[in-house]
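Subject: Handover of a structural model

Dear colleague,

Please find the structure below, with its sequence.

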Amino acid sequence: MSISNQEIEQKMIDYITEKKNGMSITNTMSFRNDLGLDSVDLTEIIFMLEDFLNQLIDDEDLFKIDSITDVLGLIKNRREESA
């Protein structure tokens, strides 16, 4: 059974909220500009996601994501490609 986009979104919001000490997070906030996350933070988020999804995220895709919405779009595209 595949993990829903809603579950992925909530997992990321929970993870980032904890990392940012309870800050209110939306799925369109920029990881870098709005949340002030650095490359180490982003790497930790990607590792958490890979673990949660049991799926690797390609290095070239890392440069394409700057928000939870971007991550959800990337996952949607990968699922469509593999279907």
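In which loop is Asn21 found? Asn21 is in the loop between α1 and α2; helices (H or I, at least four residues) and strands (E, at least two) are DSSP runs, numbered from the N terminus.

Some conventions come first. This is a predicted model, in which local features need pLDDT of at least 70 and side-chain atom pairs count only at pLDDT 80 or more, while totals for chains, interfaces and linings use all residues. Residues are numbered from 1 along each chain as its sequence is written, and side-chain values use heavy atoms, with hydrogens and water left out.

Confidence

The pLDDT (the predictor's confidence in each residue, from 0 to 100) averages 90 over the protein chain, and 99% of the residues score at least 70.

Helix packing

Helix α1 (residues 5-19) packs against helix α2 (residues 39-53) at an angle of about 145 degrees, and their axes are 11 Å apart. Axes here are lines fitted to C-alpha atoms, for helices over the stretch in contact, and angles run from 0 to 180 degrees between N-to-C directions. The crossing of α1 with α2 is right-handed; a crossing is right-handed if the near helix is turned clockwise from the far one by less than a right angle, and left-handed if anticlockwise. To this contact (heavy atoms within 4.5 Å), α1 brings Glu7, Ile8, Lys11, Met12, Tyr15, Ile16 and Lys19, and α2 brings Asp41, Glu44, Ile45, Met48, Leu49, Phe52 and Leu53. These residues divide into nine nonpolar, no polar and five charged. In this division Ala, Val, Leu, Ile, Met, Phe, Trp, Tyr, Cys and Pro count as nonpolar, Asp, Glu, Lys and Arg as charged, and the others, Gly among them, as polar.

The axes of α1 and α4 come within 10 Å and cross at roughly 145 degrees, again in a right-handed crossing. The residues in contact are Asn5, Ile8, Glu9, Met12, Ile13 and Ile16 of α1, with Ile68, Val71, Leu72, Ile75 and Arg79 of α4. Eight of them are nonpolar, one is polar and two are charged.

Nonpolar core

A nonpolar core is a set of buried Ala, Val, Leu, Ile, Met, Phe, Trp, Tyr and Cys residues joined through side-chain atoms within 4.5 Å. The largest one holds 22 residues, of which Met12, Phe31, Leu49 and Ile68 touch the most other members. Helices α1, α2 and α4 (68-82) are the elements that give two or more residues to this core, and α2 gives the most, with six.

Leaving aside residues up to four places away in sequence, Leu49 touches Ile8, Met12, Asn54, Ile57 and Val71. With the same exclusion, Met48 touches Lys11, Met12 and Tyr15. Met48, in helix α2, counts as buried because its relative accessibility is 12%; buried means under 20% relative accessible area, exposed over 50%, and partly exposed in between (1.4 Å probe, protein chains only).

Positive phi angles

Asn21 has a phi near 55 degrees, a positive value in a residue other than glycine, and counts as exposed because its relative accessibility is 74%. Asn54 lies in the loop between α2 and α3. The phi of Asn54 is also near 55 degrees, and Asn54 counts as exposed at 72% relative accessibility.

With kind regards
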